[in-house]
Amino acid sequence: MSAYKSEFLNVLAARGFIHQVSEPEALDALAAKGAITAYIGFDCTAASLHVGSLLPIMMLHWLQQTGHRPIALMGGGTTRVGDPSGKDESRRILTDEMINQNLASIRQIFDKFLKFDGHGGNALMANNADWLNTLNYIDFLRDVGRHFSVNRMLSFDSVKMRLDRQQELSFLEFNYMVLQAYDFVELNKRTGCVLQMGGSDQWGNIVNGIDLGRRMNNAQLFALTSPLITTASGAKMGKTAAGAVWLNADLMSPYDYWQYWRNTEDGDVGRFLKLFTVLPLDEIAKLTALKGQEINEAKKVLATEATALVHGRDAAEQAAETARKTFEEGALASSLPTVEISRTELEKGLGVLIAFSEKTGLVSSNGEARRQIKAGGLRVNDAAIADEKMALGVGNLTPEGVIKLSLGKKKHILLKPV
């Protein structure tokens, strides 16, 4: 346990959320003395956040649980510009209407982790469009722009990486860090917010905001960043062969979400239990101590607890039960993901390659399906496919009226004729 005085920093440190803190003693004293307000920025380029946003959401969750006030700042304004952090390409420009639709959808995720003002809590969801969209450019240059040194901005990693690779960095994106710094100052003025948190790649941007707050308002502001999460094998967290791991159930089913966590590498189980569940640390220590085959029990607990936070306890337990029936009993669980196809198509004969690639997306292409068949990786109703020219028909329907397609032991989809 670290020697912080405040419960907030103690919890974050013990669970592995802290990478860097500016002036830790001063922030700790402030958080120990009374409630502080802190924020994290989220962009709204899609209708759902993905699992990569879970770490910052959990930081806001623990902030509120330890008696402080969290702000989820939605980048309704900055989404119109684009953050250059670590990216090679410029971001696609969205209309205000698309941004607002995304915001409404994303709000549903935050409701599961935070108690908002008016709903029994003190959390705020702010939108930087409220102050950025009405800025007068000349006034902004005079009041804010004069505090920024271009020399210093060029030295930040997010900018340097793009320039070193000779990737174009538009003036629009170059302004992003000025706008983000201004967000911090504006939130401080409007809500008394004194802390900005974010991933380790945001350190430079957050420090810019601290500096701007001091120069403009003589405010003392703080930064806290979390480590970049990679898996034990070095892969980036939250990416699978099928794409992003979305938090909205309409983009990724609770069952598939459960499976994502169940497939955690052995070396990550303890760390992920601390970061992505709210289980007590002594319980996590017992689960982490499991060895050999028993580690799979800890993975199931991780999968169920992580899924319960996003999709609710009932959906998580149903996913766990579906997995148990499918893998331990070999039963056909009706709650497996289902894809409907026309009965006529099945009566004519549906090529197995098309069934696995186009119809269900279990594999990315016909070529990938062929490779999997050669390796014995594709199954129909639990029987390995030997012939890539095989066609599925009504004769393949199980007594339940479906066809079960499987990729390996862990990915299954039911084809249901309608």
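How many disulfides does a search of the whole structure find? The search finds zero disulfides, a disulfide being a pair of cysteine sulfur atoms within 2.5 Å. The structure is a predicted model, in which local features need pLDDT of at least 70, side-chain atom pairs count only at pLDDT 80 or more, and totals for chains, interfaces and linings use all residues. Residues are numbered from 1 along each chain as its sequence is written, and side-chain values use heavy atoms, with hydrogens and water left out.

**View A. Cysteines C44 and C193.** C44 is in no disulfide, and the nearest cysteine sulfur, that of C193, is 18 Å away. For C193, the sulfur of C44 is the closest cysteine sulfur, and at 18 Å this is too far for a bond. C44 is buried at a relative accessible area of 0% (buried means under 20% relative accessible area, exposed over 50%, partly exposed in between; 1.4 Å probe, protein chains only). C193 likewise counts as buried, at 0% relative accessibility.

View B. Five strands, in the order 9-15-14-11-12, form an open sheet with mixed pairing. Its edge strands, strand 9 (338-341) and strand 12 (383-384), each pair on one side only. Strands (E, at least two residues) and helices (H or I, at least four) are DSSP runs numbered from the N terminus; two strands pair if DSSP finds at least two bridges between them.

**View C. Strands 14 and 15.** Five bridges join strand 14 (residues 403-407) to strand 15 (residues 411-417) in the antiparallel sense. K404 stands opposite L414 in strand 15.

**View D. Helix 12.** Helix 12 (residues 254-262) is largely enclosed by the rest of the structure, because seven of its nine residues are buried. The buried residues are Y255, Y257, W258, Q259, Y260, W261 and R262.
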